[in-house]
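Student: I have not looked at this one before. Can you walk me through a few spots in it?
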Amino acid sequence: MPALQRDEAQTRARLIDVHRYAVELDLTHGEERFGSRTVIHFTARAAGDTFVELKPAELHSATLDGQPLDPKALDSNRLPLTGLAPGDHELRLDATMRYSRTGEGMHRFTDPADGESYVYTQLFMDDVQRVFAAFDQPDLKAVFELTVTAPEGWSVLANGITEHLGKGRWQAAPTPLISTYLVAVAAGPWHSVRTEHAGLPFGIHCRRSLAPHLDADAEEILDLTRRCFDRYHEIFEEPYPFDSYDQAFVPEFNAGAMENPGLVTFRDEFVYRSAVTDTERQTRGMVISHEMAHMWFGDLVTLQWWDDIWLNESFAEYMGYQVLAEATRFTDTWTDFAVARKGWGYDADQRPSTHPVAPTPEDVPDTASALLNFDGISYAKGASALRQLVAWMGNKDFLIGINDHFARHRFGNATLADFIDSLTRATDRDVHAWAARWLRTTGVDTLTPEVRENRDGTWSLAVHQTGSSDGTRPHHLTVGLYDHDPHTPGRLLPRTPLSWDLPHDGDHTATGGRPALVLLNDQDLGYAKVRLDPRSWDTALAALSGLPDPLTRAVVWNAARDMVRDGELPPTAYLDAARAHLPYETDLAIVQGVLAFARTQIADRYLTADRRHTALATLTALSRDILRRTEGPENGTATGLRLVAVRALISSATTPEGIQDWLDDGSVPGGPHLDPELRWRILGRLATLGATTPEAIDAELTRDPSATGREGAARCHAALPDPAAKQAAWDALFTTDEGTALSNYLFTATATGFWAPEHHDLLRPYVARYFTDVPALAAARGPALAAAAGRDAFPAVVVEEDTLHLGETCLADGDPTPALRRKLIDQLDDLRRALAVRAAAAGDGA
């Protein structure tokens, strides 16, 4: 199927204006297919030829201005429209479409808990063509009128308020002008909680089997929604531009959420079946805030072409964290951003696949290449750049520029140049120069302090900037200065920080003796890797948990993480620091982030097999330390810390003793009780250790027959250290038969269970098979599954030169699809880094 080329989109946009779509969907045709009828009203500005896109199971008929078109003229996904005369036209198409099992187009899901079925659309980039015919590019906005025929007992949600006309027919209110990729429908026997706010209907929706869990959190979700909505109206002059605000938590969703105007769809893991930490609740709140920001930046004003995807995602990422912090009880969001998101950007920006935050249009020639840029750069790096821009130009001027942008381009399309022009009109700062240095360049700068103690009792600081920007990228930093507390050992007291602008600021000389700790990028306003001078690093190792601000501690932990990844700090030294300080850490985001890096990267990838057991023992002991320190009366922080520690202890267990007792008892001594998530986590670890049976897994699935239970069972069966179990899992992963191929979620569950570091000898033959089999799988099952195959099914735990060689051969000779190629490039670069970290650690004797 040919991807839409940018020059083709430009040609079509010059030729036609699209006014209105009337779309009729019939969801009563069974479990495999649905009916789709589309009427498109458009105007041709001049005589010419173009095409409309559609990916049907069967195209029954097509007419242009009442004259029939030959359905056999459909070439892949394009139906030619030739000989258009200037003036108004009406295009009608009648087709049968296929439901998706990979979260693309119209996804259909049957809930194993109760047998109820649900469908929803995910039309991003070019998947509207899987649902109805369209001139599918973001700058051909139109009004959409949707009618849906659904089975009796179903309700239908859409971008606008829906009305049940009887006999299963539902009609949605016409939308304002929106892009094709933002059209949304969700149908099924939804459980709904409805309210009204600011004169608009608000609703939250999930499948019926999750109803008790949604009800338990409904007030929290709606309160966050109302608070963010009100805050956006305080800072944005343009009012919310749609007629309602629904949020649907849908099954097997590929992304975290999708900003469909009036009907935001979320992955339904955000309806918590089991206990979660407050940081995880904050993450849900951030996603709610992020998607709401898109109502203005993305939906009201939309990118003109996919090179400007950062205008959507970087802005929503920044506003999501900022507005949540300003409007809700989650006031410490930027610590979570530093720990959980920023490393995603740093990692992506150091790979061969890095790209500018705002690539040039020539760098995004088609939709296939655009899809690859939804990564840590477009989200985390772009949000970091915007956060520093706000600190540099001031929040007031930033918002003036944003509101100017909305006013000038409402219900239209805009480019990077338009955005920069609006900001420039609001400030005396040289925003064009800032954009050139930050948005058009790649790579991460590294900032290294040079601290000198002078003979006259003063001390001096210089900051050295290295990286791909050659020292010219501007950085606006806070430099934290800390001294040991003479009254409380292990505690650090802050001095007045320094404000630092690179590359302009030169050496700084100060009185009062040098601080015990000099920390670049304190408060994490900048986007750069930072290093610590030797004395500061010794102070951090001794007193990291004694720093008063969690965001400061996050900056130090990120510095340590980057030093490990760059081979400058032995992985075991990171583990030692974690063992020393995490038991005293009170910030859940930091504890979760440090344990995740220690477990999944250090233990599973950066340490050789002979050192891995010791690392897991260290993490187990650390987890027990946290459990001991959180014994006693329950409070929110202690409960969250216990949950994090229990999860880490389960994942790091090297023997079944202890965790098997927990499973048998149904509880951890002192809490928590085992909910379904913890039970499946324990059973998965027991499976990896060879300490459970297929029968025990099936019994647990009988106990929890939910969709999540089905994924847990798939993960556990694939984790068994048995040749037959591994072969069965492999066969399930790599089948392309439509009737038996795994859904996206079951694929990921099976793949993550399959590749256990404990099973190296058993798994080694599958490494070569992976690189032989994965290109055909990706080609057959599409971009979403290809990305999952490159991300989750990749043999990442087999850190060997042979794996690297096989992967490079696959890239050269295997003809992987674009989505798979991008994942393989990233995975192989991570593999090279892991090999380099191991080599450096061996040289250090660590």
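Tutor: A term to begin with: helices (H or I, at least four residues) and strands (E, at least two) are DSSP runs, numbered from the N terminus. Asp815, for one, is in the loop between helix H25 (801-813) and helix H26 (818-844).

Student: What should I know about where the model comes from?
Tutor: This is a predicted model, in which local features need pLDDT of at least 70, side-chain atom pairs count only at pLDDT 80 or more, and totals for chains, interfaces and linings use all residues. Residues are numbered from 1 along each chain as its sequence is written, and side-chain values use heavy atoms, with hydrogens and water left out.

Student: Back to Asp815. What is its phi near?
Tutor: Phi of Asp815 is near 50 degrees, a positive value in a residue other than glycine. Most residues other than glycine have a negative phi, and most peptide bonds are trans.

Student: Is Asp815 buried or exposed?
Tutor: Asp815 is exposed, at a relative accessible area of 67%. Buried means under 20% relative accessible area, exposed over 50%, and partly exposed in between (1.4 Å probe, protein chains only).

Student: Where is Ser76, and what about its phi?
Tutor: Ser76 is in the loop between strand E5 (67-69) and strand E6 (78-84). Its phi is positive, about 60 degrees, although Ser76 is not a glycine. With 39% relative accessibility, Ser76 counts as partly exposed.

Student: Which residues does a cis peptide bond join?
Tutor: Pro503 lies in the loop between strand E26 (498-502) and strand E27 (508-510). Another joins Gly671 and Pro672, with omega about 10 degrees. Pro672 is in the loop between helix H17 (659-665) and helix H18 (676-688).

Student: New topic. How many disulfides are there?
Tutor: The count is 0 disulfides, where a disulfide is a pair of cysteine sulfur atoms within 2.5 Å. As for cysteines, Cys228 is buried at 0% relative accessible area, and Cys810 is buried at 4%.

Student: Now helices. At what angle do H8 and H9 pack?
Tutor: Helix H8 (residues 395-409) and helix H9 (residues 416-424) pack at about 130 degrees, with axes 7 Å apart. That makes H8 oblique to H9. Axes are lines fitted to C-alpha atoms, for helices over the stretch in contact, and angles run from 0 to 180 degrees between N-to-C directions. Angles under 35 degrees count as roughly parallel, over 145 as roughly antiparallel, 65 to 115 as roughly perpendicular and the rest as oblique.

Student: Which residues of H8 and H9 meet?
Tutor: Among them, Phe398, Ile402 and Arg408 in H8 meet residues of H9 including Phe419 and Leu423. Contact means heavy atoms within 4.5 Å.

Student: How far apart are Thr354 and Asp826?
Tutor: Thr354 and Asp826 are 472 residues apart in sequence and 9.4 Å apart in space, C-alpha to C-alpha.
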